[in-house]
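Subject: Handing over the two-chain model

Hello,

Here is the structure I promised to pass on.

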Amino acid sequence: MMDYEFKIKTSNERTKVEDLFEFEGCKVGRGTYGHVYKAKRKDSTEKDKDNVKDYALKQIEGTGLSMSACREIALLRELKHPNVINLIRVFLSHNDRKVWLLFDFAEHDLWHIIKFHRAAKANKKPLMVAKGMVKSLLYQILDGIHYLHSNWVLHRDLKPANILVMGEGIERGRVKIADMGFARLFNAPLKPLADLDPVVVTFWYRAPELLLGARHYTKAIDIWAIGCIFAELLTSEPIFHCRQEDIKTSNPYHHDQLDRIFNVMGFPLEKEWEDIRKMPEHPTLIKDFKKSNYTNCSLIKYMDRHKIKQESKAFHLLQKLLLMDPTRRITSEQAMQDPYFLEDPLPNSDVFAGCPIPYPKREFLTDDDQDDKSDANKRQNQAANQQQQHRSSSLSTTNTAGSGDVAREPISALSCAAPAAAAPGPRLDRLDAEGLALAGLRGLRKRAASGSVDGWSGGGGGATASPDGVCQSCFGKFHDDTNGEEWIQCLSCSGWYHAKCQGLQAYLHTFQCLRCKQAAG
Amino acid sequence: MAGNFWQSSHYQQWLLDKQDLVRERQLDLQVLSEEEYQKLFIFFSNFIQILGEHLKLRQQVIATATVYFKRFYARNSLKYIDPLLLAPTCVGLASKVEEFGVISNSRLITTCSTVVKNKFSYAYTTDFPYRTNNILECEFYLLENLDCCLIVYQPYRPLIQLIQDIGNDEQLFSLAWRVVNDSLRTDVCLLYPPYQIAIACLEIACVILGKDHKNWFAELSVDIEKIQEITRYIISLFELWKTYEEKKDIQALLAKMPKPKQSPSR
C-alpha cells in the first residue's frame, strides 16, 4: 500500500521528459532496444536554437523495468569514461510505465561511416579523410573497452553500429561505445529472432570460440570484435561477412560463419590453438570441415587483396587482435601500447583531426502514425545535410589524405542524394541494422523469390537467370542452386546481389543500386 | 565494477552521515522509539533474508535487496510505502540487477504468500495482500528514490580477500561471513564503506573465537576509529538480541508503525 500524499508529492516534484525536451517527429533509431530520438531542451531560447546542444533520448522497448533495462541503468549509472556513452539522466514515466534514458547525442556511427566509404569506393569518387582517422578510431575504441574491461564489464555485442562518433561540438570526433549487450546472455527472446532487428543476430563479429560453443563471454571475445571492426575500417568491407539465413539462437554453432572465417584466416592448426579440441562443438567442426579446403587462405593474402601490406604496423596489430586462440589474443591494454600507435600519424582525440566531416547527419525516421509531421522534419534535415555535404566537398580538395590507412577513397554524393528519390515508407539506410532492417526478414524471401519487384528481378534456387560476377554489396561469390541461395538483379545496370545482402532493401522499395545509383521503386 | 568503489555512486552518494539519518527519521521517531524503529528493521531484514532464501537467491543479492530497502527508508517515512510491499520489490529489483535470472512477478508473489503464511504467521494473521501491479508500481518509486543507483558494494568480497591474507581459516571465515549478514540489521551499510565493515566483522569474529590476530590488524592501514564505531553498532545489535523476543513483540510494533493513507486526509 502506498500513501496518497506521498504519491501526490512525488508526482508534483517529478520532471516529465516531454516537459523538458522537444523530440516529436525526431526519431533517429529503432531497434530491439527501443526508439531513439534526437532531442533539444525546451527551455533553450529561440535565439540560440541553432547552437543549442542535442541530446539522444532513448525510450526503452516495452514497459517497466526489464532485466536488460535494469542492467543498462545500473551499469551506465556507474561508468564514466570519455569513450563510453554517458547516461545523463533517467526519466520514469509512471502513467504509461515507460523508461527513458538521456544521453549526449552522437551524430555519427561506424556503420554509417563505413557505409559511406563503401558507397564512395563503388562510385569511384575520391573521399578525403583525416590523416590517421582509422588509427584514432581504433585507439579510442580500445581505450573505452579497456575501461570497461578493467571494471569487469564486458560489452558482448561490439559491432560498427554500436561505435558512435560525436559530430560538431566540444567533443567533436570522439568515439563513444554504446549499447553494451547488457542482457543478451540472459534474456530468452520472447519473439522468434527473425521477427526482431537483425542487428541482434549478426554473427560477423562473433569470435570463433563462441561459434564453437564457448559458454562464457570473455574479454577476448570483445577483442575479436574490435579486430573485425579494425579490418572493416581498413578495407570498408566486413571481413567475415556471411549470409545470415539459418540463424538459430539456441545453437551457437554456425557453419557458414566459421567457413567464412576459415576462408579468410585459414583453418586453425592445432599448434596455433591447442584448446580447440576442448570446445563443445569441436566434433562437429571435425565432421563438417576439411582443412585442405583452406590451404590457400591467410589473413596476409586477404588484407593484401585490400591493399594492406603485411609489413605495415596496422597489419601486425590486426593479426594480434584476430588470433584464433582466445588465450593468445592481445588484451586491450597491450593493444594500446602497440607500435602502430607510436608511428606517425599519432592518434588524435578528434578522429577527424579538425578536417571537415564528410558524413551525412542522421536523418529522421518516419513513423506510420506521424507521417505528416516527420515528413516536414525530414525535408528540413535533408536540406541541412545537403548544405553540409556541399561544404565538405568543396573543402575536401584542400585536405590531404593520409598516406596510410584510408587513403584516397572515392567520395560520393549518394547518401545525400538518396532521399530525393525515396518513396514514403521506412528507409533502410537510416536503420542501424547491419544491412538489413527490422521491417521483416520474412517478407524478403517471398518478394525476392517471386520475380520482379519494382525494378528488381528476383531469382535463385533454380531460376533460369543465374548471376554472374560477384555480389555488388558483399563482393562475395554466388553459390549454385543446391545452396538454395536467392539473388536479385538491378534491372538498370544488371548488377547482381545476394538477396540476403540487398533483397530487403528492394522489398522496402527505396533501395538504390550500389553500382549504378539507380533507385528502385 | 570491482576496482572502482571510489568512483561509485555508492561512495559518492550513499555513504550518509549519522546526522542525516536522525533528521530523515524524525517523522517516524515521533511515533516510534529508536529501539522500536530498529526492531522493525530487524524484522524486515529477516523477512527479506527468508524470502531470498526461499527464492534460492545468493547472499549477495539478498544483501543488495536489504540495502535498497534501507536506502529507501533512509530518505522516506515508513508511512509512505508499506514495508511489506517494498521488501519483495527490493528483492525483485536486486535479482534483476545482479544477473541471477529474472524472478517472475507471479513467483515473487506466490513465494511471499507462502513465506508470510509459514514463517511469519506470528506477525501477520492475514494473507499477503499484494499483487503484481502493486509490485510494478512500487518498483518505479523505489528506483526513483534510489536515484537509479543500483550497484551496491558489499563487504563479502573484501572479506574474502582479508581472509586469504590472514591465512585461510575456514572457521573464522564462516563466522565473519555471518557477522556481515548480521550487520545488515544495523545502519552500518548506510554509513561506512564495505571494506571497513568487513574488517570490523572479521575483528568481531576473531574476538568471539578467541583468535589473536592483533599484529595483523595493527598492520592494516585503516581508520581504527571507524572500525570501532562499526563494531559498536554490531555489538549493540547482539546486546539487543539477548533480551528481545520478536515473536512476542512484533504484532504490537507493526500495529504502532506509521501507515499509508490511501485517500486524501482531512
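A crossing of two helices is called left-handed if the near helix is turned anticlockwise from the far one by less than a right angle, and right-handed if it is turned clockwise. Helices (H or I, at least four residues) and strands (E, at least two) are DSSP runs, numbered from the N terminus.

Two notes on the basis of all this. This is a predicted model, where local features need pLDDT of at least 70 and side-chain atom pairs count only at pLDDT 80 or more, while totals for chains, interfaces and linings use all residues. Residues are numbered from 1 along each chain as its sequence is written, chains are lettered from A and ligands numbered from 1 in the order in which they are written, and side-chain values use heavy atoms, with hydrogens and water left out.

**Helix pairs in chain B**

Two packed helices are described by the angle between their axes and the distance between the axes. Axes here are lines fitted to C-alpha atoms, for helices over the stretch in contact, and angles run from 0 to 180 degrees between N-to-C directions. Angles under 35 degrees count as roughly parallel, over 145 as roughly antiparallel, 65 to 115 as roughly perpendicular and the rest as oblique.

In chain B, helix α4 (residues 34–54) and helix α6 (residues 83–97) have axes that come within 10 Å and cross at roughly 40 degrees. α4(B) and α6(B) are therefore oblique to each other, and α4(B) passes α6(B) in a right-handed crossing. On the α4(B) side, B:F44, B:F47, B:I48 and B:L51 meet B:P83, B:L84, B:A87, B:P88 and B:V91 of α6(B); contact means heavy atoms within 4.5 Å. The residues of this contact are nine nonpolar, no polar and no charged (Ala, Val, Leu, Ile, Met, Phe, Trp, Tyr, Cys and Pro count as nonpolar, Asp, Glu, Lys and Arg as charged, and the others, Gly among them, as polar).

The axes of helix α7 (residues 105–119) and α8 of chain B come within 9 Å and cross at roughly 110 degrees, which makes α7(B) roughly perpendicular to α8(B). B:N105, B:S106, B:L108 and B:I109 of α7(B) make the contact with B:T132, B:I135 and B:L136 of α8(B). By class, that contact has four nonpolar, three polar and no charged residues.

B:F140 sits in helix α8 (residues 132–145) of chain B. At 1% relative accessibility, B:F140 counts as buried (buried means under 20% relative accessible area, exposed over 50%, partly exposed in between, with a 1.4 Å probe and protein chains only). Not counting residues up to four places away in sequence, B:F140 touches A:G64, A:L65, A:L92, A:S93, A:H94, A:R97, A:K98 and A:V99.

**Backbone features in chain A**

Most residues other than glycine have a negative phi, and most peptide bonds are trans. A:R97, one of the residues that B:F140 touches, has a positive phi of about 60 degrees although it is not a glycine. A:R97 lies in the loop between β5 (87–93) and β6 (98–104) of chain A and counts as buried at 18% relative accessibility. A:K124 also has a positive phi, near 55 degrees, but A:K124 is exposed, with a relative accessible area of 71%. A cis peptide bond joins A:D344 and A:P345, with omega about 0 degrees.

Happy browsing!
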